[in-house]
Every structure is written in C-alpha cells, then in structure tokens.
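Trainee: I would like to learn how to read a ligand site and an annotated residue in a model.
Mentor: Then let us take them in turn.

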Amino acid sequence: GVVSYRKTQCAGTVHKAFNPACCKWFRVLDDLQTNVLHSTCGDASHSALRIVFHDAIGFSKTKKFGDGADGSIIMFGETELEFAANNGIDEIAGDLKRVADTHGKSYGDIIQFAGAVGVANCAGAPRLKFLAGRPNATRPASEGTVPEAFQSVDTILARMHDAGFSPDELVALLASHTMAAADKVDITIPGTPFDSTPDSFDSQFFIETRLKGVAFPGKGHKRGEVASPLVGEMRLQSDFALARDHRTACTWQSFIKNQTLMNQCFSYAMEKLSVLGQNTKHLLDCSEVIPHPESLKTIPHLPAGKTMADVEQACAATPFPKLPTAIGPATIVKPVESCDGDGN
Ligand code: HEM
Ligand SMILES: [Ca+2]
C-alpha cells in the first residue's frame with residue numbers, strides 16, 4: 001500500500017487509515033472489541049496479552065526448535081495447549097482462531113494484534129506497535145519453553161536468555177502482571193489478581209510484590225504460589241523471587257515511580273517479543289490501528305492499611321521509594337470476572 005498524508009475512509013467501518021493496506025485490520029479491530037475483548041481491561045484482554053508471551057517464547061537461539069511469534073499455539077493447539085504451562089489459554093486461543101479465520105488473518109498476526117489491543121484497553125498502558133504479515137506456523141513449539149511460577153530465578157533467567165531476553169527485559173515484560181489474574185494456580189478462586197488494580201496498567205504490581213506476604217487468598221498454599229500481602233491477591237513464587245533477586249530487584253523498583261520508563265521498557269521488550277523468529281522486512285506497520293489507551297487516574301501508592309514498614313528491602317543501591325498510603329479500610333482485592341457464561 002501507498003502511505004499518504006491524508007487518511008482514507010476504510011469501507012465498512014467508522015475508521016480512517018493513513019495506509020489503506022491497514023484498513024482490513026480496522027474490521028478485525030471492531031470484531032475483536034465487540035465480540036472478544038469488549039473494549040475493557042478484563043479477563044479477555046488479560047488473556048490476549050498472556051497468549052502473546054506463550055506463543056512467542058516457544059523460541060530458542062541455541063536449540064533450533066520453535067519459530068517464535070508464529071501462531072503455533074493456535075495452529076498446533078492440540079499439541080501446545082496440552083502443555084501444563086499453557087493451562088487456561090484454550091479459551092482465548094479458540095476465540096482468536098475464530099476471528100482470524102473470519103478475516104483471513106494468520107494466527108501469528110491475530111495473537112500480536114489482540115495482545116496490543118488488549119493492552120490498549122487498560123488505562124495507563126503504552127500504545128504498542130503492531131506489525132502485520134507473519135506467515136502461518138509450520139510446526140509446534142516444544143514443551144518446556146514457557147517459564148513456570150515454581151521455577152527458580154536461575155532457571156527462568158536462563159530460559160529467557162536462550163530466547164534472547166536480558167534480566168532487565170524480563171522485568172519489563174512482567175509489567176504485564178499489572179493487568180492479570182490467575183485462574184489455574186488455585187482453581188478454587190479463579191480470577192485472583194496479581195495486584196490491587198488488574199484493570200489498570202499501573203506500577204502497583206511492582207509495589208505490591210515487594211510488600212511482606214501475610215496470607216494466601218485461598219485455603220492454603222498451591223504450587224508456584226507464596227503468601228500475598230492483601231486479601232484476595234495472588235502472589236506467584238517467581239514474581240516474589242524476581243522482585244528480590246540482586247539481578248532484577250533494582251530494575252523492578254525503578255519502575256515504581258516512573259510510569260514513563262516502565263511503559264517505554266515494556267513497549268521495547270514487547271516489540272522484540274512480537275517479532276521473535278520473524279523477518280521484519282516482510283511485515284507491514286499497521287500500528288495506526290491500535291487504539292489510544294486512557295490515562296491513569298491514580299498515583300503509585302501503598303494499599304490502604306500498609307505502611308513503609310511493610311516493604312521488604314531488596315535493591316542494595318537504592319532505597320524503596322517513599323509512597324503515600326491509600327485512605328480507608330485495608331484493601332481487599334476483588335476477583336476479575338470472566339465472561340465465559342459459566343458464572344465464575
Ligand atoms: C517469569 C515468567 C512468567 C511466569 C512464571 C508467569 C506465570 C504466570 C501464571 C502462573 C499466570 C496465571 C495463569 C492462571 O492461573 O490463569 C500468569 C498470568 C498472566 N501472565 Fe504471566 N508469567 C510470566 C511472564 C509473563 C510475561 C512475560 C507476560 C507477557 C508479556 C505475561 C502475561 C501474563 C498475563 C497478562 C496473565 C494474566 C492472564 C489472565 O488474567 O487471564 N506473563 N502468568
Ligand atoms: Ca494494575
């Protein structure tokens with residue numbers, strides 16, 4: 001397509017595009033927002049971001065398996081969705097497969113597109129890039145490429161290194177856990193968030209993972225889970241450990257009062273993730289289709305009932321930033337509701 005400096009009306013939509021070749025993605029956008037993501041930072045938008053990671057990370061620099069952000073998790077879903085680390089991905093995979101098939105898009109593209117749109121549905125989020133044109137996957141990823149919450153920091157950093165990501169880049173990617181909840185860690189309490197604001201792309205996740213753990217949100221401890229600081233909040237063992245490890249703690253902490261830095265680092269790392277194993281020369285930049293996220297309405301804070309005495313020090317070089325405490329009774333985190341019609 002030819003880029004012009006005047007926008008072209010995209011037929012069949014309310015949208016206009018600089019690049020007419022991106023018009024068809026506006027039709028995909030409308031379908032996704034109406035039927036899957038509901039233009040909200042809820043369960044489906046969260047899942048759309050998670051599947052970006054689980055698809056792309058099936059990549060290895062050393063062993064030549066896996067082709068990265070190629071949609072193999074949908075194309076070879078009967079294989080990959082059986083992997084334990086992909087527990088719970090089946091629903092979004094099915095939804096995105098339908099949308100891709102309807103619009104004649106590759107599974108690699110639909111995953112990256114839905115991820116970027118899902119992020120944009122969350123207040124405070126960066127507007128991620130979107131490149132289109134990934135060919136369909138020709139083989140499934142191997143089991144063992146997706147990090148698990150019960151693994152050690154050494155194991156997780158080694159796996160990320162093998163996929164081309166530094167410890168700092170992993171921390172940046174983990175900003176994703178600010179718009180996240182767990183359904184499968186403790187199946188008795190589906191939708192249990194990782195921070196007190198799962199509908200906002202804020203730095204609360206980086207704050208709350210550094211508070212002293214006091215209890216479990218369900219009835220006792222599950223594999224990959226450690227005690228969390230708030231009623232109704234889930235803490236992954238891996239997030240606990242990465243928040244405190246000398247290789248990652250200072251970067252973790254640096255995002256708390258610097259949303260701009262957090263968003264820039266997340267965007268950069270997501271851009272890398274979104275084209276893992278792909279030749280970007282063959283991709284078309286349709287970033288103009290990604291909606292503009294709303295801005296945040298809150299500032300970084302300690303949840304109500306917490307003080308600086310509840311913070312665990314971890315970065316030797318820099319003290320934990322001073323934060324105000326939210327007013328009111330101790331924060332209780334409400335579950336993220338799912339819209340799958342089964343009432344939980
Ligand atoms: C150390 C690496 C990581 C580990 C061990 C990990 C582990 C997990 C676990 C256990 C869950 C809960 C799943 C469930 O029970 O439903 C989860 C959720 C999630 N993860 Fe990660 N994750 C990691 C990195 C990432 C990265 C890099 C991204 C994105 C770039 C990501 C995005 C998400 C999102 C958005 C959710 C929420 C899904 C939802 O609410 O439906 N994670 N993660
Ligand atoms: Ca949040």
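Trainee: Which domains does the shell around ligand 1 draw at least three residues from?
Mentor: Domain bounds come from an automatic or database domain assignment. The shell draws at least three residues from each of domain 1 (20-145 + 271-289) and domain 2 (153-259 + 297-310). This is a predicted model, where local features need pLDDT of at least 70 and side-chain atom pairs count only at pLDDT 80 or more, while totals for chains, interfaces and linings use all residues. Residues are numbered from 1 along each chain as its sequence is written, and chains are lettered from A and ligands numbered from 1 in the order in which they are written.

Trainee: How many residues surround ligand 1?
Mentor: A residue is near a molecule if its C-beta atom, placed from the backbone, lies within 6 Å of it. Here 26 residues surround ligand 1, and the closest are H46, S176, A180, A182 and K184. The largest share, seven residues, comes from α2; helices are DSSP runs of H or I with at least four residues, numbered from the N terminus.

Trainee: Where does UniProt place the feature "active site"?
Mentor: UniProt positions use the numbering here, feature names are shortened, and annotations may be inferred rather than shown by experiment. The unreviewed entry places this feature at H54, which lies in helix α2 (residues 43-56).

Trainee: Why does H54 count as buried?
Mentor: A residue is buried if 20 or more other C-beta atoms, placed from the backbone, lie within 10 Å of its own. H54 counts as buried because it has 23 C-beta neighbours inside 10 Å. Of the 14 residues of α2, 14 are buried, so the helix is largely enclosed by the rest of the structure.

Notes. Helix = DSSP H or I, 4+ residues; strand = E, 2+ residues; numbered from the N terminus. Buried ≥ 20, exposed ≤ 12 C-beta atoms within 10 Å, placed from the backbone.
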